[in-house]
Amino acid sequence: MATLCDLATRLPLVIGNLLDREAKLKRGRFREETMTDIVTAALAAFAGPELVISYPIEKDTGADLDLRFWNVEADRSLWVRIQAKRLNAAVVQNRNRSYGELLHRPSPTADYQFRTLRDTPSPWVPLYLFYNHASVAGDPHFKGLVPTVCGANLAYASDVAADLEAKLAGAGATPRTGMFNGRLSLLRRHFFGLEALLCPGGGLPGTTVPTPERVSAALRDRYNRRDAFLSDKGVGEEILRRLSEPLTLMPERGSDARLQDGTAVRVDQRLKNPTVTFISGRTKDRRTPNISEVAPQQT
């Protein structure tokens, strides 16, 4: 894959095909963590002065992934927090497949995980990354629909949470086994593709990594375009949607979180989640970190 735009196109195909093959595994299904490791490994092919991957010190990093789009010269950053969920195995018709872990609670006394993601504090933009089987994406029930179902779809955490809150309210806040638990056919209306993050605007003119300004424009477009797919929404609700656009979708100026000098793939004990930093607008002064592709040899 020569560019991140190529990756945005091909990575969903790889993930979808892998999920289809898990039925042949003796040890069961692929977990979200496995798919997210594949995503970060694919990004590692582009690691260098403009893309840095930082891992927390814990071996089990979970399925969450943080992205930072940093324009050094403009002193602007956009922060995205991603939580991954995979489609359940094929035990029902494809049209009824769901994301069984969306109503997950870390413990009986803890709040639902979807609320924690939705309420992620500034400056983060919280998104879901849904992993889907290729056979489902190609099913006649979904094929040709817009938004498109593919091997990896993004969605705003606030949109998914609104659907889950409505279902919980209807179930008396105690969902029964087998009730709506994130059905693909209902959540599909919130979907958009990886290109919003990796290939915003259909290309990366003048740079090899997406800038925070271009990613911001793409995410804002997806946020406001969503109502075009909802035929039951009136003009008033469409206006309210635009007025409710999160401020975190705009790049933040003056971030003091300068990335330290070091290797393009590194361990950072301060982190909770793996973090990918896309560095655009590189300068020739100390504002831009010195990134090496390999660790220095021990003497």
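A residue is termed partly exposed when its relative accessible area falls between the limits for buried, under 20%, and exposed, over 50%. E165, with a relative accessible area of 23%, is therefore partly exposed. The legends below describe close-up views of a predicted model.

**View 1. Overview of the predicted fold.** The protein comprises nine helices and 10 strands. Of its 299 residues, 47% are buried. Among contacts between residues at least 6 apart in sequence, 76% join residues at least 24 apart. The accessible surface amounts to about 15300 Å², and carbon and sulfur atoms contribute 52% of that area.

**View 2. The disulfide between C5 and C199.** One disulfide is found in a search of the whole structure. It joins C5 to C199, with an S to S distance of 2.0 Å. The link of C5 and C199 is right-handed, with 85° about the S-S bond. Distant parts of the chain are linked by this pair: C5 belongs to helix 1 (residues 4-21), while C199 lies in the loop between helix 7 (195-198) and helix 8 (212-225), 194 residues apart. C5 has a relative accessible area of 16% and is therefore buried; C199, at 7%, is buried as well.

**View 3. The salt bridge of R118 and E165.** The structure holds 17 salt bridges, and one of them is formed by the side chains of R118 and E165, at 3.0 Å from N to O. The pair connects distant parts of the chain, with R118 in helix 3 (residues 113-118) and E165 in helix 5 (residues 157-170), 47 residues apart. R118 has 29% relative accessibility, so this residue counts as partly exposed. As stated at the outset, E165 is partly exposed at 23%.

**View 4. The salt bridge of R241 and D159.** The side chains of R241 and D159 meet in a salt bridge with an N to O distance of 2.7 Å. Because R241 lies in helix 9 and D159 in helix 5, the pair ties together parts that are 82 residues apart in sequence. Relative accessibility is 9% for R241, which therefore counts as buried. D159 also counts as buried, at 6% relative accessibility.

View 5. Side chains of opposite charge can pair when their charged atoms come close. R222 forms a salt bridge with D221, and their closest N and O atoms are 3.5 Å apart. R222 counts as buried at 16% relative accessibility, whereas D221, with a relative accessible area of 32%, is partly exposed. Elsewhere, salt bridges that share partners join D111, R115, R118, D119 and E165 into one network.

**View 6. The nonpolar surface patch containing I239.** I239, L240 and L243 make a nonpolar surface patch of about 340 Å². I239 is located in helix 9 (residues 235-243). Its relative accessible area is 45%, so I239 is partly exposed.

**View 7. The surroundings of S54.** S54 is placed in strand 1 (residues 51-55). At 3% relative accessibility, S54 counts as buried. When neighbours within four places in sequence are left aside, S54 is in contact with R266, D268, L271, N273, P274 and T275.

Notes: Residues are numbered from 1 along each chain as its sequence is written. This is a predicted model: local features need pLDDT of at least 70, side-chain atom pairs count only at pLDDT 80 or more; totals for chains, interfaces and linings use all residues. Side-chain values use heavy atoms; hydrogens and water are left out. Helices (H or I, at least four residues) and strands (E, at least two) are DSSP runs, numbered from the N terminus. Buried means under 20% relative accessible area, exposed over 50%, partly exposed in between (1.4 Å probe, protein chains only). Contact means heavy atoms within 4.5 Å. Accessible areas come from the Shrake-Rupley method with a 1.4 Å probe; for residues, only the protein chains shown count as cover. Patches are made of residues with over 30% relative accessible area and no salt bridge: like charges are joined within 9 Å, nonpolar side chains (Val, Leu, Ile, Met, Phe, Trp, Tyr) within 5 Å. A salt bridge is a side-chain nitrogen of Lys or Arg within 4 Å of a carboxyl oxygen of Asp or Glu. A disulfide is a pair of cysteine sulfur atoms within 2.5 Å.
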